Structures are given as structure tokens and as C-alpha cells.
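Hi,

Here is the structure I promised to pass on. Have a look at it first, and then read my notes below.

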Amino acid sequence: KESANYHQDDPYFQYVLNNYIASLLKGIQEYDTALEYYYISDSFYDSVDTTDSKVISARLSNDKNRGVIHRNNERFDTARFFFFRSLEKSIQINDTAWIARNYNSIGIMYEMLKDFENSIFYYEKSLALKRAMNYTDGVVTTLTNLGDLYREIGDFDQAETYLLEADR
């Protein structure tokens with residue numbers, strides 16, 4: 001956190017650094033503090049070159065991760081806002097990996113809301129993109145999510161199909 005004291009006059013440095021600190025805090029489940037740093041990072045967004053690939057990646061991460069934190073704390077309207085803002089930007093720049101990640105996160109949110117139709121829709125979209133990219137870890141994650149969802153709704157044949165594929 002002390003590194004934020006360096007280069008205080010450099011909005012690019014502050015933007016990326018605060019996003020990185022927030023992501024580290026999220027990783028150790030310091031969610032409230034992580035959100036503070038995501039918001040600090042966001043405060044520099046208008047002062048940086050928003051076409052820079054590191055800025056774009058940080059913004060996508062910032063929004064998706066804020067969505068995850070809000071989703072996990074059942075603040076679904078706020079989570080939806082951040083997920084869809086990240087998704088919209090991902091689509092705009094045609095970043096398939098980020099699109100797939102966002103679809104999966106949105107699928108989890110809808111599953112938590114017991115909106116299984118939308119959850120399956122977004123999981124399937126995520127799965128198709130991850131398969132097209134040969135993103136093996138991502139495919140396994142989404143197959144597991146689908147298997148767990150089908151088990152939750154009592155469709156054990158579908159659950160088994162997805163979970164067995166994930167296990168391969």
C-alpha cells in the first residue's frame with residue numbers, strides 16, 4: 001500500500017497501481033478495502049490514456065472484480081452494473097477472453113438469484129468462447145459451474161454430463 005505514495009503526480013501509475021493493490025486485497029478476501037482501492041483507481045481513469053492496453057485491462061479487471069465483490073455480498077444491482085460495464089467494454093474492444101470471463105461471472109450471479117434460465121444462457125456463451133480459444137482451465141471452470149447448476153435444479157443427467165466432461 002505504501003507504494004501508492006510514489007509517483008503521486010502520475011495518474012497512469014496511480015490508476016494501474018491502485019487497481020493492482022485492490023486485486024491483491026480481493027485475493028486475500030479483504031473485500032471492503034479492495035473496493036476502496038478499486039474506487040481510488042477509478043478516480044484516475046479520466047486522467048489517463050483510455051486506449052492504452054494496460055489501462056483497458058485494468059478497467060475490465062476493476063469492473064469485473066467489483067462486480068464479483070458486490071455479487072458475493074448479494075448487492076446484485078451493483079454487481080450487475082459492473083459486470084455489464086466490463087462486458088460492454090470487452091465486446092467493444094473484441095477481447096474474447098474478457099467477454100468469456102464476464103459471461104461466466106454473470107452466469108454465477110444469475111445462479112445466485114435462482115434465475116437458472118439466464119444463468120445457463122451466460123454459462124453456455126462463456127463455454128462456447130472458452131472452447132473456441134482452447135482455454136482449458138476456463139472450460140473446466142464453466143463446465144463445473146454448469147454441472148453444479150444442473151445438480152442444484154435436480155437435472156442429474158445433465159449435471160453428470162457436464163461434470164464428467166470437466167473431469168477429463
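For what follows, a residue is called buried when its relative accessible area is under 20%. By that cut-off, buried residues are 43% of the 168 in the protein. Do keep in mind that this is a predicted model.

On to the fold. The protein has eight helices and zero strands, so the globule rule is a handy check: it gives 15 Å for 168 residues, and the radius of gyration of 17 Å is close to that, making the protein as compact as a globular protein of that length. The C-alpha trace spans about 60 × 30 × 25 Å along its principal axes. Of the contacts with a separation of 6 or more, 48% are between residues 24 or more positions apart.

I get eight aromatic pairs. One of them is Tyr103 with Tyr122, a tilted pair at 5.8 Å centre to centre and 45 degrees between the planes. Tyr103 sits in helix 5 (residues 96-112) and Tyr122 in helix 6 (residues 116-132), so the pair links parts of the chain 19 residues apart. Both tyrosines are buried. Tyr122 also pairs with Phe121: the centres are 5.0 Å apart and the planes at 85 degrees, so this one is edge-to-face. Phe121 itself is partly exposed, at 42% relative accessible area, while Tyr122 comes in at 13%. Ring pairs join Phe84, Tyr103, Tyr110, Phe121 and Tyr122 into a cluster.

Cheers

Notes:
Residues are numbered from 1 along each chain as its sequence is written. This is a predicted model: local features need pLDDT of at least 70, side-chain atom pairs count only at pLDDT 80 or more; totals for chains, interfaces and linings use all residues. Side-chain values use heavy atoms; hydrogens and water are left out. Helices (H or I, at least four residues) and strands (E, at least two) are DSSP runs, numbered from the N terminus. The radius of gyration is taken over C-alpha atoms; the globule rule is 2.2 Å times the number of residues to the power 0.38. Buried means under 20% relative accessible area, exposed over 50%, partly exposed in between (1.4 Å probe, protein chains only). Contact means heavy atoms within 4.5 Å. Rings of Phe, Tyr and Trp (its six-membered ring) pair if their centres lie within 6.5 Å; planes under 30 degrees apart count as stacked, over 60 as edge-to-face and the rest as tilted.
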